[in-house]
Amino acid sequence: MVTNYEGDSIEFKELLPLLPVRDLVVYPFMILPLFVGRETSIKAVEEALNNTDRLILLSSQKDISAEAPSPSEIYELGTVAMIMRMRKLPDGRIKILIQGLAKARITSYEHTEPFYKVKVEKVTQPATSVAPATIEAMMRMVKENLEKVISLGKVLSPDILMVLEDIQDPGRLSDLVASNLNLKVKDAQAVLEVLEPFERLTKINEILKTELEILSAQSKIKKPSETFSKDSFLKDQLKALKGDLGDSDSEKADEFTEIREKLITKQLPAEAHKEAFKQLARLERMHPDSSESGILRSYLEWVIDLPWHELNSEITDLAHAKDVLDEEHFDLEKIKERILEYLAVRALKGSSMKGPILCFSGPPGVGKTSLGKSIAKATGREFVRISLGGVKDESEIRGHRRTYVGAMPGRFIQAMKQVKSINPVIMLDEIDKLGSDFRGDPSAALLEVLDPEQNNTFRDNYLNVPFDLSQVMFIATANQLENIPGPLRDRMEIIHLSGYTHEEKVQISKKYLIPKQMDENGITKDHIEFTDEGVDSVISGFTREAGLRNLERQIGTLCRKVAKKIASGNCTKTHIFSATVEELLGPAPYGHEEINEHDEVGVATGLAWTAAGGEILKIEATNMKGRGITLTGQLGDVMKESAQAAMGFIRSHASSLGIDEDFFDKHEIHVHLPAGAIPKDGPSAGITLATVIVSLLTKTAISKDIAMTGEITLTGKVLPVGGIKEKALAAMRAGIETIIIPWKNQKDLADIPEHHRKKMNFIPVRNIGEVLALALVDWKPQEQKIEEPSQRKNQVAA
């Protein structure tokens, strides 16, 4: 059974403007130009164009001579169409190009002035019970009869037979044949009103048979003098049609000549040159109002506008580049050094060097995106940013194929057109937030873009020819590398940006943020002065972040408060002290991160890494009657397993730890990690969990002046963890100077600024026995089965 008809899936509003048409019937999926001259009809068209869907109902009038047909003189069944293009003519008429979409029936007229607006109901094609073989036989018969009609001299579109070969729906076939037979309005409307597809196909076949009889009789009575060249006849008719439509061969020729000259001037690569001229040749043979010609024009415009060979002159002066980077960004020495290395190699090797592919990884607000702009400025390249956050469609990267309506190239080709250079800096922002769904995986499409061995022949689906991206400097940004697929991460050079220290934020505020906010809010040094005390108060009391965004907002708020005071007539200079900050911004939401006031049993300070930087982590434990262990505080699976591993170690070493082995059968241990609303995960709290539980069970207090981080194994070994710098800065903000770290993390201490490293006491450990001896006050294990710590309590790791 044939049940699917393309028009049935199209939705439209219940109220539509009505355009009565005189001498033809429009069928679904029919594309044709219409000339509109009546005032009411022009207003109906304007109403449709004002709507976002651009839909209008086309219904034929019964009497083609009627200038103002009444509702009774208009057929109830018509076709909902979309206005694709509109052009105003000098004589006051308008010319529109429409495409039929679906059949609809007029149920009532809402109003008739200043134009017809009607309520419509959708008319769908009913299912047919005719056997598929019978339908196929009838479709073949219609196609054969149509071929005979054409062979006997009927002037039809030369492409219609080729188009019919791809149509499998009998209703669609019927509509297409009927729209090309130039039937009288009455006969064409009769075909439109037959809804059952096989019945409609049968009616078309009868019309073709009648047409064949007429053409056969006409050929027999034709006089010899009437025989003339079929080619010249067709050419004359084509020329007349073009004249009616207002098309000029000379204008078309000028347009194609201009396109051809531009393509030659671009000096396209061989494959692109061949494809562009092939499409130009196709365009020259097409009617200018056909939808395909619009697609080809857009394609050729894209080819002409793209920078196939245009290079921006690059700055290779290392001193200039360093000055630019230092002027706009504080610290970030690793990244600056990497850019200077690239420019140095570029100066020695020349333009044959491929662009680097970097990935800046770090918490929000540390300057990853703005750094990309500074790199473009330092190197003299154009800059374009592509936001990848939330992108789920592969075609956003590779573009759409030209067969789709509204097809466009992908974002990379669009970016190249925008900068008009083949060597820009392209910032791939938030690459870790790419998604994927049924439309494909954009991260897989990026593999070709970010591979230096492949991106010199990047093939966009829209262009369908290779495009060279090898000269582009790609800079990606990410908050969490774990979210980037391994193959994609492997193609990028990862550079980590950690959070800023308190002292660094003070310097950045004075050098960059305060002058910027003063300028944006229209105030000068005569109006406001930030003291070190005031800046320190803003940073410590009103921000809790690794980056600078919230700090800049708070500074901006202070500047606006001062601007308001000046605008009110009070022009006295405002000095920003700690008290002034609280007066203008209100009570500080943050204080110094609290540490325990005294040594406590079952309470320890751990360290955690987050996307916003480091944080201190309080861990509490208590016991009660029962059995087992309860973990609360929104813990992830990895952290829960760390707690289980800690419990496994403690139970297996209960006697050496001075714990009654029967204790676990009679008591339940409850471990909680505040704040309970914040999800937590990862293995780095393993030694802290173990220390808290041992403290609880042995009634031994934990030193309030020590923080710790490290993963624990069942055998009591302490394994390395990540984020040592961020965790150390968090401990420093909380006023903790002694940190226990895994032995193998000593190498990570080099990332901490030296002046901060000297203020802190990092104690590396190999096993949990060393941790307990350092963290527990007056700890004395019952037996020597747990290794005693080395005498390194006061040793500062190098």
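This is a predicted model: local features need pLDDT of at least 70, side-chain atom pairs count only at pLDDT 80 or more; totals for chains, interfaces and linings use all residues.
N464 sits in the loop that links β10 (458-459) to β11 (466-467). Its phi angle is near 60°, a positive value in a residue other than glycine. Is N464 buried, partly exposed or exposed? With a relative accessibility of 35%, N464 counts as partly exposed, because buried means under 20% and exposed means over 50%.

You will find R54 in the loop between α1 (39-50) and β3 (55-60). R54 is not a glycine, yet its phi is positive, near 55°. R54 has 28% relative accessibility, so it counts as partly exposed.

## A cis peptide bond

Now look for P114, in the loop between β5 (94-111) and β6 (117-122). The peptide bond that joins E113 and P114 is cis, with omega at about -5°.

## A helix with a kink

Next, follow helix α18, which covers residues 502-520. Where is its kink centred? The answer is S509, where the helix bends by about 50°. S509 is also one of the buried residues of α18, a list that includes V506, I508, Y512, L513 and M518. Charged residues are on that list too: E504 and K505.

What covers these buried residues? Among the elements that do so are α11 (318-328), β14 (528-530), α19 (532-542) and α20 (549-567). After α18 comes G522, with a positive phi near 70°.

## A hidden serine

Leaving out residues up to four places away in sequence, S374 touches V324, L325, E328 and H329.

## The whole protein

The protein has 27 helices and 26 strands. Its C-alpha trace spans about 125 × 65 × 60 Å along the principal axes. The radius of gyration is 39 Å, whereas a compact globule of 798 residues would have one near 28 Å.

How much of the protein counts as buried? The share is 49% of the 798 residues. The accessible surface comes to about 38600 Å², and carbon and sulfur atoms account for 51% of that area. Among contacts with a separation of 6 or more, 74% involve residues 24 or more positions apart. As for charge, the protein has 102 positive and 118 negative charges, and their mean positions are 2 Å apart.

Terms used: Residues are numbered from 1 along each chain as its sequence is written. Side-chain values use heavy atoms; hydrogens and water are left out. The bend at a residue is the angle between axes fitted to the seven residues ending there and the seven starting there. Helices (H or I, at least four residues) and strands (E, at least two) are DSSP runs, numbered from the N terminus. Buried means under 20% relative accessible area, exposed over 50%, partly exposed in between (1.4 Å probe, protein chains only). Contact means heavy atoms within 4.5 Å. The radius of gyration is taken over C-alpha atoms; the globule rule is 2.2 Å times the number of residues to the power 0.38. Accessible areas come from the Shrake-Rupley method with a 1.4 Å probe; for residues, only the protein chains shown count as cover. The place of a charge is taken as NZ of Lys, CZ of Arg, CG of Asp or CD of Glu.
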